[in-house]
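Hi,

Here is the structure I promised to pass on. My notes on it follow below.

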Amino acid sequence: MERAGGERRAPITVENGAGVVVIGDGNRIGSPEPAAVRSGYREQVRRIAPAELVDREDELAELAAFCRADSGPAYTWWRAEAWAGKTALLSWFALHPPPGVRIVPFFITARLGAQNDVVAYVDVVLEQLAELAGEGLPALLTAATREAHLLRLYASAAETCAARGERLVLLVDGLDEDRGVTTGPDAHSIASLLPYGLRVIVSGRLNPPLPVDVPDDHPLRDPGAVRILSPSPKARAIRAEAERELKRLLEAGGLPYELLALLTAAGGGLTADDLAELTGEIPYRVKDVLRTGPGRTFALRGDAYLLAHEELAAGAREMLGERELDRRRGAVTAWAEEWRRRGWPADTPAHLLHGWFPALRAAGDLKGMLGCGLDAARHDRLLEATGGDGAAAAEIRAAGDGVLARVDWPDRLLTMLRLAMRRDVLGLRSGSVPPELAGAWVMAGEVDRAVALAGGESPLRTVRVLAEVATRLLRAGDRDRATELVDRVEGLIGRTESTFERVRAAECVVPLLLTSGAYERAERMVRAMDVDFRDGTVPVLVEGLCRAGEWTAALRVARDVAGEGTGGEMLVASMTVTVCRSLLAAGRVDEALKAVTEGPGHSGLRAALLLHGALVLRNAGHEERGASLREEALRAVDALHPEGLDARVVAGALAEAGEYERLRSLGLRVHGVPGDELFADQLARAHAWGPALAVLDRLPPEPRGRIVRQVLAEELTAAGRTAEAESLVATLPVETAEPYWEALALARVENGDPEGALALLDRLGGSGRDRVLGAYARRLMREGRSDQALAMTRTGGPQDAPVSVAVADELLTRGDSGTAVALLTTAERFYREPAREELVRRIAAVAEGLAQVPGLRETARGFLTEAVLRGGLGDPSRLVDALVAVGETDRAEAVAFTRSGLVRAHALIGVVRRRAADGAYGTVARLAEGSDELFNVAYLVGLRALAEAGAAEAALSLALTARRRGLETEAHALVAEALARAGRTREAME
C-alpha cells in the first residue's frame, strides 16, 4: 500500500474509440470535468454531538493547544474505556474548533448509516478534503483509485488551508469500532490510511491494540501520542441506567421490544411517525414509550431516534440475533418499496432518503443498492431534499463499488455503464443553472441550497455560481460564510487547467477579494495570470484599490502589472489616469500630478500620460495646472521620434484631448497612413463620434472597418445613443453581432424603452435572450407592473425560468418570500432538467463504442434501448449510427425518417452505407432516390456506396435522376467507378 500522503499512483484507465472510460479514475461517459464537491458531513456530526458538554474545559484547551502547536507529536490519541465520553468530547470540538483551525472529522459508528469501515471513511473524508482543496472528484472511482485520491488530497487540502493561514487537522473517533479490521483477509483498517505529515486527533478504547496493517514507523505507534481520558461521571451514570433499560426492553416484549428491534435493524434514524407506520401503532403511543420508558436507551437527534451509545447498539444486535434482525430489515425494506412505488413523493420519510441506503450497504444488499443507484425519481427527491446531487452521487458510487466487487454479477458491464450514465445525468442537470438563481436563493435564506447549485461538469460555472453566492452574502453582512466561499473558489481557480477558464474565473473572484478587504490576495491573483490575459482584471483591481484609498498599491499595479503584457502601454496609461482621477476626487492634487508626471520614462507613454493628466486636471476644476500640463504634453508629442514608438498609446491620448490634426499627422509620421483612419477605434473610444464616423467609408471592411464599427456601436450604446448604435450593429456580420444586439436591448430597458428591447429579441439566442427578458421583467416590477411580470412567468415557454428568477429576486427585496420561493423552485426544476439531446448523444456514443468490441454487441443493444425510448432529438444522426452499429438497421432507418430535409439526409448516411455493405442495393437506391433534392448528401453517399460495392446496374439506375439534381458530373464519375469495379472497363471508359 502507498504511504499516506506520499506520491500519487498513476491512474489506470481503459478507453475505447468512443471516448468511454470503463475502469479507473476517469470512470465516466464522455469527458466532462469532475464537479467541485461540497460535503454535508457536518450535519451528521451535529446528530452525534451532545446538546451541551459538561466539565471538559481542560480537555478542550489541550486539544486546541495541540492543533496550534508547531512541535511535539503530530498525533494525539485519546484513549479510555467505553462510556468515558470520548465521542461527546470530540464531536463538540469538531463543531467548535479554535480560530485558524479546519477540522476534517470522521466518527466510526454503526448507529448512523453504517459508518464503521474503511469504505465509509474514505467516502466521507475524501469529500471533505476535496471541498477544502477546491477540487472535483471523478465519477465512480474504484476502491483503489479512491484511496489513491485520498492520500493525495491529504497534502493538497493542507496546502490550500496553509495558503489561507489555516491549519488542517484530521479527527477520527472510535478506532476500536472499525469493522473493516474483521471482515476478511483482504480488508484493511482505517488506521492504516491515516496520514503522515498532518496533525491528527484520534480516539479509541484501551483495547484492542492497533491493527497489524499500521506501519511500524507510523506516528500513531509513538507512545508519546497517547493521552488517557478520564471518564465523565455523567456518562457513567447514563451507562448503568441504559444497560438496565436495554435488558428490560428485551424481556418486556410488546411495543417497547418492537421499537428496539426496528431501530437496531434500521441503524437508527427513524422518527416516531416512521415507527408508528412500521408497527401499526398510533404516533402518540410510540412517543410515549420512547419518552417515558427507556429514556436512557434511546437518544433523540432532531426528530429521529437512535440507540444512545455504540455499546448499546452492539448489545442489542447480539441479543436480538441475525434472524430477528433480518426479519425487521425485511419490514423496513417492504416499507421503503412502498414509498418507491409511490415515486418518492415530497413527504417521503427522511430515513428512507438518508438512512436506508447505508443500511443496505451494511447488509451487503447489492440488488437494493442498485435499485437506489439507478432510480431517477429517487435522485430527484434527494435533490429536492438536500438542494444538491451529492447524496445521489454517493449512492451511485457505492453501488458501483458493489458491482465491481462481485465478479459473478450478471450483466456487470452494462450495469456499470448504466450507473455511469446516471452519474452523468447528475452532472448534466447542474450545467445550465445560472448564477442568478443561486443568488436569489441566498436572498430567500436558502444558502445551502444556493451553494449546492455549484455542482456540475464546468469548473468555470462552479466558480461563477459560488462567486454570486459570496457576493450576495457580503451584501447581507454574512462575512464569515462569504469568506469561506471565497477561499473555496480561490482554490478552484488554482486547479483550472484551461487558460480561458482560469482568466474568466479570476475576473469573478478578484472583485470579491477586494470587497472582503483581501487586497494583497487580489493582487497576487492578478499577478499570477498570464500577462497577455490581464485586461479584464487589472482595471477591476486598480479601481478597487482606489476605492479603498490604497493609491500607492493601485499605482504600483498600474505601472508594473499592467505593463507586462502585449500592448501593455495602453493599459498602463488607462490605469494611471484612473489612479490620478481617484486622487483628485480625494483632494490629493499634488499626488495626482505626480502620478502622471513621474511615471515611466518611455517618451511615448510619458507624452500620453501628460496629455491624459492635463485633461483630468481640467475636468476636476484645476484649469491652470491642466493648461500648463497640456502645453508640456503637446511639446512632448511633437518631439516624438517615430522609431520604436507605440503610436497607439499616444493616439488614444490625442483623441481624448481632441487633437485630431496631430492624430492624423502622427499616423502619417509613424506608419504612412493618416492617423484618423489608422486609429479610428481610438476616436470612437474617446467619443469623437463625428471624426470616427467620417472615416468609416475609407476603411477596408475587414478587419479594420468591422472593428471600428464594433467599438463605435459599443460606445454609442453605453452613451445612450441607441438609434445610432443600432444602425451600425445592423451592418456587422451576423456571427459577430449578437453581443452588440444584447447590449442594445439591455440599454433600451435601462433607458426606459423596454418594449423597444423586446423588438430585438429575435436577434438573440440562449443566455443573451434570457438576460434581456430578465432585465425587462425587473423593469416591469420596478414600475409597479407586477401583474405583467408575473404573467411572463406562466407562458409555458423556455423564457419562464429566467423571468421567474428575475421576478423572484425583486419580490424578495419586498419581503414577498412565499411567491418568490415558488417561482425559484419552478425555475430550478426547469434548469435542472438535463439537455435531452446531449444525454442521448452520450448514450449513443457509448453504445457505438461497445458495438466495436467483440462479444459486446448485445450489451450495446441493451444500453441503447434507453436512448431510443428517450427520443426527442433535433438531429438523430448519432443515435442512428449507434443503432446501425448494434445491428438495428431497420430501427435506425425508422428514426432517420422521423425527420426531414437536411437532418434526415445526414441521419441516413450510416443507414445507406450499412445497406450497401449488406448487399441490399435496391434499398440503397430507394433511400438515395427518396432523399430531399435540396440536400444531396444522402444521394451521393448512396451512389458512392453502390460504386464501391461494384453494383453497376443499381448505380446506373440511380444515376438517371442525377440531372434534375444538378449532379451529372459527379454521378457519371461514380457510375464509371462502379462499372470498372465490376470489370466492365469499356463501358466505364464510355
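A contact here means heavy atoms within 4.5 Å. Among contacts in the protein chain between residues at least 6 apart in sequence, 66% join residues at least 24 apart.

Please keep in mind that this is a predicted model, where local features need pLDDT of at least 70 and side-chain atom pairs count only at pLDDT 80 or more, while totals for chains, interfaces and linings use all residues. Residues are numbered from 1 along each chain as its sequence is written, and side-chain values use heavy atoms, with hydrogens and water left out.

The protein chain has 52 helices and 10 strands (DSSP runs numbered from the N terminus: H or I of at least four residues for helices, E of at least two for strands). Of its 990 residues, 53% are buried, meaning under 20% relative accessible area with a 1.4 Å probe, protein chains only.

His218 sits in the loop between strand E6 (199-204) and strand E7 (226-228), and its relative accessible area is 2%. The His218 side chain reaches the backbone oxygen of Leu194 at 2.9 Å, a polar contact (a pair of N or O atoms within 3.5 Å, one able to donate a hydrogen and the other to accept it; residues adjacent in sequence count only if both atoms are side-chain atoms). Leaving out residues up to four places away in sequence, His218 touches Tyr75, Ala191, Leu194, Pro195 and Tyr196.

Enjoy exploring!

Conventions. Buried < 20%, exposed > 50% of the residue type's maximum accessible area, 1.4 Å probe, protein only.
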